Amino acid sequence: MYPFLRLLIRGQRIDRRVLYVLLMTVVALPFVVEIPTPKPAISPETQKFYDTIEAIAADPVRREKLVILSTNFGAGTLAENQTQTDAICKHLMKKKLKFAIFAFVAAQGREQGKIAAERAATKYGYVYGQDYVNWGYRPADAIEPLLKAAVRDIPDAVGNDINGTPLAQVPVMQGVKSVNDVGLIIEVAAALTLPQWLQYYQRTGEEPIPTLYAPTSVMAPEGFPFLKSGQLQGMLFGLRGANEYEVLIDERDFGKRGAASLAYSHLLIIVLVILGNVGMFAQARLEKLYREENA
Amino acid sequence: MFDFLADANTVKVIKIWVAALCTLGIYSILYKENKVFRFFEHLFIGVATGYTIYITWNDTLKPRWWVPMTEKGEWWWAFAVPAGLLFYMIYSKKNVWMSRLIFGLFFGAAAGRSFQGFAALYFPQVRSAINVPLFNTPESRAADAYWLTPFSSAANNLLFLAIVVSITTYFLFSFEQKGKVIPAVSRFGRYVLMFAFGAIFGSTIMARMGLLIGRVYFLVNDWIKGLLLGQG
Amino acid sequence: MEHATTSARIILILFSVIIVTQVIRAQRGQRPFIRRIPGLTAIEEAVGRAVEMGRPILTSVGMGGIDIITLQALAIVTHVAGVAARFGQRIILPVRNAAFVPIAEDAISTAYNQAGRPDAFSEQDIIFLSGEQFAYAAGVSGLIQREKVAATFLFGQFFAESLIIAENANQVGAIQVAGTPSTTQIPFFIVACDYVIIGDEYYAATAYLTRQPTIMGSLVGQDRVKMAVIGLIVLGAILLSFGMPVVWNLFFDKELATLADYFKPQGTLIQSLGAGGGK
Amino acid sequence: MFVPQTGITLWLFILGALVVGGGVFFVLTLVPTRFRKPLIAAVTFLAGLFFALEFFLPVATEGETKGQNFLTPFLKPVSAWTTILQGFALGIGVYSLVSVHLRNIARKREGRGFSVVLLAAIVAMAVPAIWKEYNPDPRLKGFYEIIYDGAFNSLNATMYSVVAFYIVSAAYRAFRIRSREATLILISAFLIMLGQVTIGQAITNGIPNEGFARNFRIENIANWILTRVNSPAVLAIEFGVGIGALATSLRIWLSLERGSYFDEEL
């Protein structure tokens, strides 16, 4: 009786282990087989992210100031945050900007920042200490007082770099004393680590420091109010943002292959949800038919 | 002894094997809770605790306390020992209240900072919520404006206000939400909330898939292709 | 804003006075009215059904450290423990912040004593799992699956691990109530839990559950401040449409020299006016 | 008084500080019960007062201390002391974890093998990590790399990625058109998903990207939802939570807070 309806009904009760196997295959496929996917549309917040760095590099005064690259993420969000950090390092080095890596929530943030910088340094001839520095990690609970102290005296508040040398003695930090010597703040985040910069650093100098945000997709929706209020000048919306940013700085790498897996995993969810709903309606219809028959 | 640990290549191979086994071990919970998962769960908690010990010592206590005290002669850092000991009074039956002194210190400090926190985080938000003029909007004066822009931007701003007001009404608790207007506004607020949560969920799928892609890329590229098939 | 501007001082002190007066008035016996939020019936129901199933209940105070939101979560978990204790039901509370273990032990053991069942409480059930976010999530998932928990009560700050915990509990058929001010994690709780307490309801939950005059008074004060902010926003938007940015300037983060400056559009106002995105 | 010392006098001063600190510690144990709560309230209030005053007090408008009030210079030492005291609290967590698992082993509880694994893992990570800072032996560095990159990093990333699987099963189960709210969540989630992925964007690629028509391109719809619906919604929720946090801070700062932790007899 009604075999077609009965088949549809099974669509709403697929065992979750089948779903997991389906997801694994759909995600792994693009890494085994080359699957073409269209180029991404560049979203406005990614374009603003790119334009801000370009504008600072073009401005003779601001390009001499220090860029703080805050890498607040751990191993958990490598696919998104590491791809973003790799692209940012390449862009900063392409534009010959001085930057400092700093982590204050995820302890491994300092190691992931180091890896990204070293990977790009070989290509762009950047030398540690000369062109960039790594301030290392400070515990999350002490960051607010530390930032408040760093408004006046960065080398003293931060203390020493990842190798233990006091910041005052690191060549790239020469002339960098107070918040007014910082030209740009870039926050790569896996959790809520943007407010500390906005609360205790961004607007404490003579003029507000342009701030860029590279969160995971889960944190990104909370960034839009800050873009609208002018507290943020640009944002990379997770892996999607990283993929678009890679297109803008034409350094396509992990972003492109990842985008294909992304597209098909989303398609899988959409198909499954449709199947689930169709199955539900089919069951309702079948029950109605039975009631009519027995009535 | 253990000289292989000095050779970079062997370390790289061992590292990839360990990482692959850990990855598959954790994924085994997707099938069902089993002994293999329990092993990697406990391994994970242990390694994570070990890392926290290392980071706390190496990045905080050594450079900011031990070195200044013993090498730079700043002897007053020694007061940190009795102060830090207050934490451990939680284990004393008689003097557990003393641990409340240091917790009180931290609660008080966090509370004291909340004034600046509130002003610095929410004042710009209030300004952006006010910054929604209902006519002669800046978008209508912008370069790429076309015939609809004045109306669409005014409508957008009105919607912005309606959403902020209705959701805040939903979160009012000091009176019963009766009558005709308030429950309707509150219900609209709840529907917008649900719509917004759906959007947040949709935009987060991207992030989670990104993580899975990272792991699958490692398994396929570094482990299977790199080690098993030797295309290293 | 490194130091308060004059208007920030006035606004913040005004808000603080509103809240503190309501708290003191409530403490002096004037019992304020708080409407019952639907989420709370869900908590009572969930504990009841969990007790029937006889399996332990898993609770969490979230991923925060020694902070205000985590203490608030502890108040709700303590209430749940009080209800469960009457039936001698076991409560498991894995903790992420080490320093919070003794505080939680204090609160939960008191709840069991007050319910007259000190025997049902065991210190073993309040354990520090790990400070690392996902080691904590792995530990909680393992606990949920092994203990086949009957219910989970997840309150406090959560991040990406929220769905790991909620979906594992869903698989063992646990009844789930969650409450978090972390906006980005609410959608995950909505799809995996039976009931979710959203944003500000989180603070209302403690007020209603504990019936503490202080917290109820504070909630009334918070409502007053919320209404004030909404009033200022609507007034500000209307005035701004007529080109008068006075309310906007009240919340400006630079010190304004004279009273007249409050009526003149400040530099960034024009630039931010253009920040609207809609076409 | 606070002058750095060297050599033997340094160690004498340190010993002196420990003795004085220990003395204060002992005196504290003698504080009678009825003064304990007021003392805690005073400590909490003063700690908060420092930061509140530093923020609220007017600042010098010119001269050497421009933009500072008399409390601002103390921010740095307070930050240093906060960092260090936070570090001291680490012992509690390690103690409570280790004691639970040692008890499992001692009492031969079921699953004690896993407790051995856990304790061994703590040592296997902490010892080489700290030791490598003092001993440049490459074998140590190699072992640390295996434990950190091989085990810790992969466990962390994998556990995080498990969420992707749960998203699929949760979405499949929850996104059903059975209530008005569930349908709203389903529609907005779909629109955002399609708007963010190249395949979704391809559906509406045909529509020109300017003028009125551009509002029907899927990525612009998704962007409109995120900027025109999500932004005010998140803003309104965060307001409530922010005011709630401010109220809770005030109650704790002024020790008005009640509830089991605060009322307990000391």
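The legends below describe close-up views of a predicted model. Local features require pLDDT of at least 70 and side-chain atom pairs pLDDT 80 or more, whereas totals for chains, interfaces and linings use all residues. Residues are numbered from 1 along each chain as its sequence is written, and chains are lettered from A in the order in which they are written.

**View 1. The open sheet of chain A.** Six strands lie in the order 3-2-1-4-5-6 with parallel pairing; strands are DSSP runs (E, at least two residues) numbered from the N terminus, and two strands pair if DSSP finds at least two bridges between them. Strand 3 (132-137) and strand 6 (234-235) of chain A each have a single partner strand, so one side of each is left without a neighbour in the sheet. Strand 1 (residues 66-72) of chain A is joined to strand 2 (residues 99-103) of chain A by 4 bridges, and A:Ile68 has A:Ala100 as its bridge partner in strand 2.

**View 2. The contact between chain D and chain B.** Chain D contributes 112 residues and chain B 106 residues, where contact means C-beta atoms, placed from the backbone, within 7 Å. Helix 6 of chain D provides the largest share of the side of chain D that touches chain B, 23 residues; helices are DSSP runs (H or I, at least four residues).

**View 3. The surroundings of C:Ala104.** Neighbours within four places in sequence aside, C:Ala104 is in contact with C:Val61, C:Leu74, C:Leu93, C:Val95 and C:Ile126.

**View 4. The two domains of chain A.** An automatic or database assignment gives domain 1 (3-37 + 257-294) and domain 2 (44-236). Their centres, taken over C-alpha atoms, are separated by 42 Å.

Technical notes:
Contact = placed C-beta atoms within 7 Å.
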